[in-house]
Amino acid sequence: MWVDTHCHLDASEFDADRDAVVKAAAQAGVHGIVLPAVAVSNFGAVRTLAQRHAACVYALGIHPLCTPGAGQADLDRLRAEVQASLVDPRFVGIGEIGLDFFVPGLEADHQTWLYIEQLKIAREFDLPVLLHVRRSQDQVAAQLRRIGVRQGIAHAFNGSEQQAARFVDLGLKLGFGGNLTFERARQIRRLAANLPLDALVLETDAPDIAPSWLTDGQFGEQRNARNSPAEVAGIAVELAALRGIDPAALAQATWANAVAAIPRLARFADTMGPGRAAA
Ligand SMILES: [Zn+2]
Ligand SMILES: [Zn+2]
């Protein structure tokens, strides 16, 4: 019924109990989990997980935080693996890619080059992008427009109303997760409440960005608590309340939005979508 559109299930935080985490997600009604890659070194890990768990699909890409040391050989490998993965129904897009101007020590020109080259791969194969956008809203959007990529998700969205509108105008969806469960995250809550319903998808970014109930309500303490895909269910209830709509209506809308953002999810409607509940 619910889809976690962004989860790093291959992270070491899940090494001890990964199967139980996927099972707990299903029990909570989270039957779809999108696993982005972060570097060529974990392409195999996300693919293996997606082929092992019926709930999981995967994307391939180089994360901005993994760009130091990455170069043309990594791009060549990405392109080759993307091409080879097109026949795999569990492969759904390019990600996690983007720009991070918050974390110190990342070379702006280098990460921008890798971002642009990955956008070109997305365009070449007509695939959506899963975007990491931190202190880089305008630059990420400008390159999307310039290269002509019009499908995907700006994940863990934390920009202004105007920046949100720009992504929506470009055809992208905005990912909301644990942050919206904190009273103090006023801007994110305002956006989650007021943006057009067809602009929103749900995510966790697990093991990061735990919701308020895992951190005793301490905003900024998310690093001390492990988030997991099952939490999408509680985040969804909070989002439905913020918007004053029924959770079932939110499930319908966010499923449709996830499929619009990631078209390859459509073939999993019977196992991941809200229609599953009736089955
Ligand atoms: Zn990210
Ligand atoms: Zn991520």
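**Notebook: loops, rings and a helix crossing**

I began with R135, which sits in the loop between strand 5 (129-134) and helix 5. This is a predicted model, so I am reading local geometry with that in mind. R135 is not a glycine, yet its phi is positive, about 50°. Most residues other than glycine have a negative phi, which is why I stopped here. I then looked up its accessibility: R135 comes out at 59%, and because the cut-off for exposed is over 50%, R135 counts as exposed.

Next I checked I209, another non-glycine residue with a positive phi, near 50°. I209 lies in the loop between strand 8 and helix 8. Is I209 buried or exposed? I209 has 18% relative accessibility, so it counts as buried; the limit for that is under 20%.

While in that loop I looked at the peptide bonds. A206 and P207 are joined by a cis bond with omega about 10°. P207 belongs to the loop between strand 8 (200-202) and helix 8 (232-243). I noted a cis bond from G95 to E96 as well, omega near 10°. E96 is in strand 4. Most peptide bonds are trans.

Then the rings. I found two aromatic pairs in the structure. Y58 and F91 make a tilted pair, with 5.6 Å between centres and 50° between planes. This pair ties together distant parts of the chain: Y58 is in strand 3 (residues 56-60) and F91 in strand 4 (residues 91-100), 33 residues apart. I get 0% relative accessibility for Y58, so Y58 is buried. F91 is also at 0% and counts as buried.

The other pair is F157 with F167: ring centres 5.9 Å apart and planes at 75°, so I logged it as edge-to-face; the class needs over 60 degrees. F157 is in the loop between strand 6 (152-155) and helix 6 (161-169), while F167 is in helix 6, ten residues apart.

Last, I looked at how helix 4 (residues 108-124) meets helix 5 (residues 137-147): their axes come within 10 Å and cross at roughly 40°. That angle makes helix 4 oblique to helix 5. The crossing is right-handed. On the helix 4 side I listed T112, Y115, I116, L119, K120 and R123 as contact residues, and on helix 5 Q139, V140, Q143, L144, R146 and I147. By type I have six nonpolar, three polar and three charged residues in this contact.

Technical notes: Residues are numbered from 1 along each chain as its sequence is written. Chains are lettered from A and ligands numbered from 1 in the order in which they are written. This is a predicted model: local features need pLDDT of at least 70, side-chain atom pairs count only at pLDDT 80 or more; totals for chains, interfaces and linings use all residues. Side-chain values use heavy atoms; hydrogens and water are left out. Rings of Phe, Tyr and Trp (its six-membered ring) pair if their centres lie within 6.5 Å; planes under 30 degrees apart count as stacked, over 60 as edge-to-face and the rest as tilted. Helices (H or I, at least four residues) and strands (E, at least two) are DSSP runs, numbered from the N terminus. Buried means under 20% relative accessible area, exposed over 50%, partly exposed in between (1.4 Å probe, protein chains only). Axes are lines fitted to C-alpha atoms, for helices over the stretch in contact, and angles run from 0 to 180 degrees between N-to-C directions. Angles under 35 degrees count as roughly parallel, over 145 as roughly antiparallel, 65 to 115 as roughly perpendicular and the rest as oblique. A crossing is left-handed if the near helix is turned anticlockwise from the far one by less than a right angle, and right-handed if clockwise. Contact means heavy atoms within 4.5 Å. Ala, Val, Leu, Ile, Met, Phe, Trp, Tyr, Cys and Pro count as nonpolar, Asp, Glu, Lys and Arg as charged, and the others, Gly among them, as polar.
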